[in-house]
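Colleague: I'm new to reading models like this one. Could you show me how the labels get attached to residues?

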Amino acid sequence: HKIYIKVLYEYFYLLLESQPSLLKSRSQSQIKRPNRSNMISNPFIKKLIPTIFMSRFAIIICMLIIGNWFVFIPWKIEEIGLSKKNFGYILLLFGIGSIFSMQATNKLLIPKLGPRFLLPFGVIAFSIIIFLWVSTETAFTFALMALPVGLSFGVINPCAIVITVETEQA
């Protein structure tokens, strides 16, 4: 909230500076302009910038990977000989793994390991496991790999949310 207040203060100062008629009785010397160098050189804010970037980057990477994979679903179904009904069950396994992992991450992993450790770990694991899932050649291994992909995907979202909430509360 402090960051937002500083940004709003800076915005209103620039607004008042650009329109002198709004100042009325105050002169330019009475209004103190915030020091921009203090806002960025603040070690606390410098510490938050990579954290915010990491959480946003993790979500973007995972969504791009999933988006690229969804384009090839019809081709993969035909290649391994799955019916659409069976593919629906495989997606159900992915969803179950993701939901289970989100709950376990929130309750067990984040308090013990911390979100800043788990988020990069989850992105790397998700990238590797989804590659293995997409490159399977049989329907059985495709179904077996759906659960680990869901588990690794379920680690990412809670960690990014916790990092974002911590950053916004700072």
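Predicted model: local features only at pLDDT ≥ 70, side-chain atom pairs only at ≥ 80, totals over all residues.

Colleague: What makes L93 partly exposed?

Modeller: Buried needs a value under 20% and exposed needs one over 50%. L93 has 32%, so it belongs in between and is called partly exposed. You'll find L93 in helix α5.

Colleague: Which residues form the nonpolar patch on the surface?

Modeller: Y89, L92, L93, I96, F100, L147 and L151 do, with about 650 Å² of accessible area together. Helix α5 gives the most, with 5 residues, and both α5 and α7 supply at least two each.

Colleague: Let's go to the rings. How many aromatic pairs does the structure hold?

Modeller: It holds 9 aromatic pairs. Take F94 and F153: their ring centres are 5.9 Å apart and their planes are at 35°.

Colleague: Why is the pair of F94 and F153 called tilted?

Modeller: First, centres have to lie within 6.5 Å for rings to pair, and 5.9 Å passes. Then the planes: under 30 degrees would be stacked and over 60 edge-to-face.

Colleague: Which other ring pairs with F153?

Modeller: F126 does, in a tilted pair with 5.5 Å centre to centre and 50° between the planes. F126 lies in helix α6 (residues 115-134), so this pair with F153 of α7 ties together parts 27 residues apart in sequence.

Colleague: How do you know whether F126 and F153 are buried or exposed?

Modeller: The cut-off for buried is under 20%. F126 has a relative accessible area of 0%, so it is buried. F153 has 15%, so it counts as buried as well. Both rings also belong to one aromatic cluster, formed by W69, F87, F94, F126, W133, F142 and F153.

Colleague: What about S152, is that buried or exposed?

Modeller: S152, in helix α7, has 6% relative accessibility, so it counts as buried under the 20% cut-off. Leaving aside neighbours within four places in sequence, S152 is in contact with G122, A125, F126 and I129.

Colleague: Now for helix α4. Why do its buried residues line one face of the helix?

Modeller: The buried residues in α4 (residues 73-80) are I73, K76, I77 and I80. Seen down the axis of α4, they fall within an arc of 100°, so they line one face. The face turned away from that buried side carries the exposed residues P74 and E78. After α4 comes G81, whose phi is positive, near 75°.

Colleague: Finally, what does the secondary structure of the chain come to?

Modeller: The chain has 7 helices and 0 strands, which gives the pattern α-α-α-α-α-α-α along the sequence. Buried residues make up 31% of its 170 residues. Among contacts with a separation of 6 or more, residues 24 or more positions apart account for 75%.

Conventions: Residues numbered from 1 in each chain as written. Heavy atoms only, no water. Phe/Tyr/Trp six-rings, centres within 6.5 Å; stacked < 30°, edge-to-face > 60°. Helix = DSSP H or I, 4+ residues; strand = E, 2+ residues; numbered from the N terminus. Buried < 20%, exposed > 50% of the residue type's maximum accessible area, 1.4 Å probe, protein only. Contact = heavy atoms within 4.5 Å. Patch = residues over 30% accessible without salt bridge, like charges linked within 9 Å, V, L, I, M, F, W, Y side chains within 5 Å. Areas by Shrake-Rupley, 256 points an atom, 1.4 Å probe, with all protein chains shown as cover. Salt bridge = Lys/Arg side-chain N within 4 Å of Asp/Glu carboxyl O. Arc of directions from axis to C-beta.
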